Amino acid sequence: MSEPKKVQGDLVLSHVTKSFGDFTAVDDLSLTIPKGSFFALLGPSGCGKTTTLRMIAGLEEPTSGTISIGSTDITDTKPYERPVNTVFQNYALFPHLTIFENVAFGLRRRGIKNVDAEVERVLNLVELSHLKSRKPGQLSGGQQQRIALARAVVNKPALLLLDEPLGALDLKLRRQMQIELKWIQTEVGITFVHVTHDQEEAMTMADTVAVMNNGRIEQMGSPAELYENPRTVFVANFLGQSNFIDGSIEGTDGDNVIANLHGVRIVFPKTRNNANGKAVKVGIRPEKFRLHDAGSSAAGNVLTGGIITDISFFGVSTQYMVEMPWKQELMVFEQNDGGAPDLAKGDAVTLSWEPQFTFALDGTDPSQAK
Amino acid sequence: MALAHAEVGNKAHAPKKRAKRIAYFLLAPGLTWLLIFFAFPLINLAETSTKTPAPTFETGEFVQTFRFSNFVDAFVNNQEQFFRSFLYALIATLFALAIAYPLAYAIAFRSGPWKNLMLILVVAPFFTSFLLRTLAWKQILGAEGPVVSALQFLGILPPEATITATAFSVILGLTYNFLPFMTLPIYASLDRIDYRLLEASGDLYANGVTTFRKVTLPLSAPGVVAGTLLTFIPASGDYINAQLLGSPENYMIGNVINSRFFRVVDYPTAAALSFILMATILVLVVIYIRRLGTDELV
């Protein structure tokens, strides 16, 4: 029944490490999540994102490092002493209690006597107040998910943790819940930390996304920043699709870097260069390419001598596979807006793209490039 | 189109009928067994309970006179033993619950790799017979046994006192003998609790004690109900413990029924007593389940 301290402020993880025996799940993680933001921890299973979340909730103890909210260190406090609530992956609703009592659980534990108004308010927020006398077993997956959210939000925590809460829902319901979650976050104004392996979910909802891999954060930034300027092959591949062309850096020209890709010279801005040495992996998103008939002139960076090997029609766009003279297949998306020439399998084409869309990664990046 | 529909409908029905037939087929051996060994003896018992001794006064000869006051006589003459049976069974059930719940909790949540071994230890007494185990307690608690000697040596028990032939030893025997029936259902319901619910409770500001009261205990209630029934019902009809560990002053209704059947050869009274015992237990169980509202429990 202990009243959690009224702590507010940014969540700060400082050099947090968690080991299970020989296995390091989270490795020296330092991270600041600003108050009121929607933050996503994105990564494949086993990358340490759920362990990080559990440490913030107090369900796991860090092997070393500290966790604090504002100026209050919460590293050694029990889960029930933290101003943090979690929406669990399987919802973890209490099967023996009604929906109303599930939502009121946290309020009652803090000794609040008159819970009706508050419970009613959040049940209205998730639009399920008509189900308040039911048991969780009588609700659908989507409804349970919303009750789990209401049960956490009603406590007005400093921090709300979401552990892949949409994982069990079908695609349509998931889209709908994504929009609702984002809306509720804006409405209640509390910090959301969302753990997910779904890049689309992270990108559509979060202000800031941290991509985790092997217990470390690979890159952190706004969804657009991560997509447009990934700094590692892992991030580039985890968020969307990419073409990588191996090359070497030849020099600089003003604000631009000059690189050689299989004998072709291209340029890109210095700010987009993440290569440590001369070896470089030049990344271009499939939709950034423009397709031209062979022989016609094109602006920007130009690659000639491509042959179309495959065409797939997607409705809004068409995907082309283009084989380059060095026997690499590149993927190209063209909008079906009449801008691209009529092309067929076997046609010779020229590819071009704007230099500022290039992202240059280190040529020795160990991650598997597609 | 309509024809096609009808056909589909028929096909959908056929397996259902088949499934029903299979269900009856599978039930048949059990039902036959119950009919032969439960329903027939019960009818026989009911018939016996209203008989009176034959005019010839020959031992074991009774005639049907529909004397329903047999029930009243049986109850009035043995009120004390009835009361004692339910009292002893209730106390033994409470003791068993107090011992079994922490034990089941420890096995379910704290035993780690020892879980299976501990479960085997709980059922291990079943490898020897009920009678032998109760006789063993008679030895242990007897006048020459280690417990009495030790207590007398320590001066806790006066030199002439005994432990056997007391209510204490009878209740101890009942508690001991029915403990596994209490432990196993509670263990089963605790083991089924999703650990994440306990985490969720902690996340929602409940400390360990509150989590136990508000989540663990309600979710294990079906096990507690099952365990208390499995202990109370056989304990209230038991006579071995009272016979071996008690004195005639501790005799329970089971002892009376036993002696009416086999020593006095008064079948009608024995049958009437059996019926009263059954009915009383049934009423108590119904009240108990109603009070706890088990159908509401998950």
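This is a predicted model: local features need pLDDT of at least 70, side-chain atom pairs count only at pLDDT 80 or more; totals for chains, interfaces and linings use all residues.
Student: Let's start with the interface. How many residues of chain B are in contact with chain A?
Tutor: 21 residues of chain B are in contact with 26 residues of chain A.

Student: What area is buried there?
Tutor: About 2,100 Å² is buried between chain B and chain A. Carbon and sulfur atoms give 62% of that area.

Student: Which three residues supply more than any other three on the chain B side?
Tutor: D203(B), L204(B) and Y205(B). Together they supply 40% of the area that chain B buries against chain A.

Student: How many salt bridges are there across the interface?
Tutor: The rule finds 1 between chain B and chain A. The side chains of E199(B) and R54(A) meet there, at 2.6 Å from N to O.

Student: Which helices do those two sit in?
Tutor: R54(A) is in helix 1 of chain A, residues 49-57. E199(B) is in helix 8 of chain B.

Student: Why would such side chains pair at all?
Tutor: Side chains of opposite charge can pair when their charged atoms come close.

Student: New topic: sheets. What is the strand order in the sheet of 6 strands?
Tutor: In chain A the order is 6-7-8-3-9-10. The sheet is open and the pairing is mixed. Neighbouring strands are turned by 20 degrees against each other on average, direction ignored.

Student: Do strands 3 and 8 of chain A run parallel or antiparallel?
Tutor: Parallel, over 5 bridges. Strand 3 covers residues 38-42 and strand 8 covers residues 191-196. L42(A) stands opposite T196(A) in strand 8.

Student: Which strands does helix 4 of chain A lie across?
Tutor: Helix 4 (residues 141-153) lies across strand 6 and strand 7 (159-163) of chain A. The helix runs at about 180 degrees to strand 6.

Student: Now the sheet of 5 strands. Is the pairing parallel or antiparallel?
Tutor: Antiparallel, in an open sheet of chain A with the order 15-19-16-17-18.

Student: Why is one side of strand 15 and of strand 18 left without a neighbour?
Tutor: Strand 15 (290-293) and strand 18 (329-335) stand at the edges of that sheet in chain A, each with a single partner strand, so one side of each has no neighbour in the sheet. Neighbouring strands here are turned by 45 degrees against each other on average, direction ignored.

Student: How many bridges join strands 16 and 17 of chain A?
Tutor: 6 bridges, in the antiparallel sense. D310(A) has M321(A) in strand 17 as its bridge partner.

Student: Last one. Which residue takes a positive phi in the hairpin of strands 4 and 5 of chain A?
Tutor: G70(A), with phi near 60 degrees. The hairpin has 2 residues between the strands. Strand 4 and strand 5 (residues 72-73) pair in the antiparallel sense over 2 bridges, and S68(A) has D73(A) as its bridge partner.

Technical notes:
Residues are numbered from 1 along each chain as its sequence is written. Chains are lettered from A and ligands numbered from 1 in the order in which they are written. Side-chain values use heavy atoms; hydrogens and water are left out. Two strands pair if DSSP finds at least two bridges between them. Helices (H or I, at least four residues) and strands (E, at least two) are DSSP runs, numbered from the N terminus. Axes are lines fitted to C-alpha atoms, for helices over the stretch in contact, and angles run from 0 to 180 degrees between N-to-C directions. Contact means heavy atoms within 4.5 Å. Buried area is the accessible area (1.4 Å probe) that two parts lose on being put together, summed over both. A salt bridge is a side-chain nitrogen of Lys or Arg within 4 Å of a carboxyl oxygen of Asp or Glu.
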